[in-house]
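User: I would like to learn how to read the features of a structure that is new to me. Could you take me through some of them in turn?

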Amino acid sequence: MPQLPVITFAPETLPAGGTLVVFAAEDLALGDAAMRVDAATDGLVKAAAEAQGFKGKRFGTMLIAMPRGIEATGLLVVGLGDPAKLTEADWSKLGGSVIGALPSGPNSDVTVLAETPAGALGAAEAAEIALGMTLRSYSFDTYKSKKAEDPAPAARKIIISGGDSDAAGKAWERVSAIGAGVILARELVNEPPNVLGPVEFADKAEALRDLGVTVTILEPAELERLEMRALLGVAQGSERPARVAIMEWMKGPAEVKPVALVGKGVVFDTGGISIKPAGGMEDMKGDMGGAAAVIGTMHALAARNARVNAVGVIGLVENMPDGKAQRPGDIVKSKSGQTIEIINTDAEGRLVLADLLTHTIETYEPKVVIDLATLTGAVIVALGHFNAGMYTDDDTVAAQLSDAGKATGDLVWRMPLSKDYDGLIDSKFADMKNTGGRWAGSVTAAQFLKRFAKDSLWVHLDIAGTGFGAPANEISRTFASGFGVRLLDRFIADFHEDGADKTPRGPAA
Ligand code: BES
Ligand code: MN
Ligand code: ZN
């Protein structure tokens with residue numbers, strides 16, 4: 001695990017050295033504590049803002065070095081915009097903005113005055129700031145032999161000060177578990193593909209046993225016995241054998257069916273015989289982003305001791321071309337019994353997910369099943385890097401995931417499913433083919449999966465644009481974003497915890 005800042009919560013304190021952080025709303029409105037800082041420094045906040053044209057715009061920052069009158073080496077003012085419009089996700093981004101604007105160097109400790117002009121921050125907002133500070137501090141330098149500055153900025157000690165610090169500390173116990181899940185997902189996506197093959201990835205799933213998760217690893221012989229031939233077909237061109245990892249966290253009422261999370265874990269996607277062009281192929285180390293989000297979420301649920309029944313199922317394979325590799329034209333029989341004509345061996349993720357969906361639904365009869373996959377380049381064309389494509393026939397679960405996305409910043413945008421698109425994957429030779437032609441590639445991929453979701457309440461999230469490769473933002477600076485962990489954790493917390501089942505089956509579409 002990378003080094004991350006140590007964050008504590010305290011009643012209102014002023015620092016003895018390091019950087020003091022205060023928030024300012026638009027028109028430079030300050031809270032009481034910030035006002036006292038302004039007074040103690042003889043009006044420095046107001047004067048510096050005047051000189052620098054800083055007006056309190058959201059996520060804007062202003063750093064004042066060596067402020068006279070307070071015991072700090074720096075005074076950082078961070079803009080809130082209109083505080084009434086701040087969402088929870090905004091508070092984490094504000095925490096990220098704080099980290100981004102801090103000076104580096106030996107005096108790197110930080111005290112944040114947790115208030116708006118309206119008064120002290122609530123515990124939830126204070127914990128979100130801490131989450132944003134943690135996520136922003138994450139970097140991936142495992143393989144750099146020369147380490148960055150010493151002390152590393154991530155080694156900062158951070159005090160979030162003011163308000164009900166006991167309540168904030170309690171909130172942070174829960175939220176930091178979610179943060180650890182996000183960082184676990186990022187670590188897995190960032191790791192190079194020579195280091196993280198299917199077997200090593202399965203070991204990472206097994207490690208969740210330490211948190212009380214029941215983990216089962218299925219090896220190829222067992223996968224054969226389970227007739228997961230669509231999944232095994234993808235793996236057959238690789239020297240590295242496939243694994244399926246099943247993670248059960250059954251801490252809800254015994255009679256309640258689980259929420260199932262299914263993840264695409266292609267540890268590297270060359271495209272297979274339909275090989276990809278060389279440019280950018282290295283990014284395909286991230287083609288296990290769906291599986292990473294599932295592990296990360298299971299980690300978060302276990303670490304915060306969520307009262308829910310949840311099962312995570314991930315398919316770990318490598319898509320390689322060799323003498324044993326699958327060919328275009330091959331026909332495979334999936335676990336469901338449906339046959340698939342392989343048109344393009346690069347449309348491999350849906351083959352993996354098809355068998356996982358069948359197995360998950362047969363084994364667990366989940367009340368809702370959500371699959372996550374870096375499935376198509378086409379979803380990036382449609383939505384870019386700021387929304388995952390969401391597919392489901394159920395309006396209720398669509399609205400719930402959309403809300404969970406807005407609350408956490410892991411945004412999803414609903415995409416269509418219909419019979420017309422479904423027709424595009426009919427095959428002359430088998431029950432279906434694994435690609436639907438040039439147009440609407442993300443939709444036809446979803447239609448393919450739908451044929452394996454049977455009559456379950458099912459959601460597919462195409463995270464090809466959001467799981468990795470997004471531009472750096474306030475809280476995410478590395479190749480991997482950890483997308484999906486906060487979304488799924490929130491969906492479960494709001495709609496499926498404590499025996500709740502707020503996602504009833506809608507009418508069949
Ligand atoms: N893993 C890729 C999708 C992808 C592309 C993810 C870029 C992230 C960034 C997937 O397996 C794939 O190759 N999809 C093909 C499907 C096509 C052959 C029908 C694609 O999107 O081109
Ligand atoms: Mn592919
Ligand atoms: Zn792929």
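User: Which residue forms a salt bridge with Lys276, and how far apart are the closest N and O atoms?

Analyst: A salt bridge is counted when a side-chain nitrogen of Lys or Arg lies within 4 Å of a carboxyl oxygen of Asp or Glu. Here Lys276 pairs with Asp346, and their closest N and O atoms are 2.9 Å apart. This pair links distant parts of the chain, since Lys276 sits in the loop between strand 12 and helix 9, while Asp346 sits in the loop between strand 15 (339–341) and helix 10 (349–364), 70 residues apart. Helices (H or I, at least four residues) and strands (E, at least two) are DSSP runs, numbered from the N terminus. Before going on, please note that this is a predicted model, in which local features need pLDDT of at least 70 and side-chain atom pairs count only at pLDDT 80 or more, whereas totals for chains, interfaces and linings use all residues. Residues are numbered from 1 along each chain as its sequence is written, chains are lettered from A and ligands numbered from 1 in the order in which they are written, and side-chain values use heavy atoms, with hydrogens and water left out.

User: Are Lys276 and Asp346 buried or partly exposed?

Analyst: Buried means under 20% relative accessible area, exposed means over 50%, and partly exposed lies in between (1.4 Å probe, protein chains only). Lys276, at 22% relative accessibility, is partly exposed, and Asp346, at 21%, is partly exposed as well.

User: Which residues come nearest to ligand 1?

Analyst: A residue is near a molecule if one of its heavy atoms lies within 4 Å of it. There are 17 residues around ligand 1, and those that come nearest are Lys276, Asp287, Asp346, Glu348 and Gly377. For polar contacts with a ligand, one looks for a pair of N or O atoms within 3.5 Å. A polar side-chain atom of Lys276 lies 2.8 Å from an oxygen atom of ligand 1, and a polar side-chain atom of Asp346 likewise lies 2.8 Å from an oxygen atom of this ligand. The protein buries 78% of the 520 Å² that ligand 1 exposes when taken alone, where accessible areas come from the Shrake-Rupley method with a 1.4 Å probe.

User: How many salt bridges does the count come to?

Analyst: The count comes to 25 salt bridges. One of them joins Arg304 and Glu497, with the closest N and O atoms 2.8 Å apart. Arg304, in the loop between helix 9 and strand 13 (309–319), and Glu497, in the segment after helix 15 (485–495), are 193 residues apart.

Methods
A polar contact is a pair of N or O atoms within 3.5 Å; within protein, one must be able to donate a hydrogen and the other to accept it, and residues adjacent in sequence count only if both atoms are side-chain atoms.
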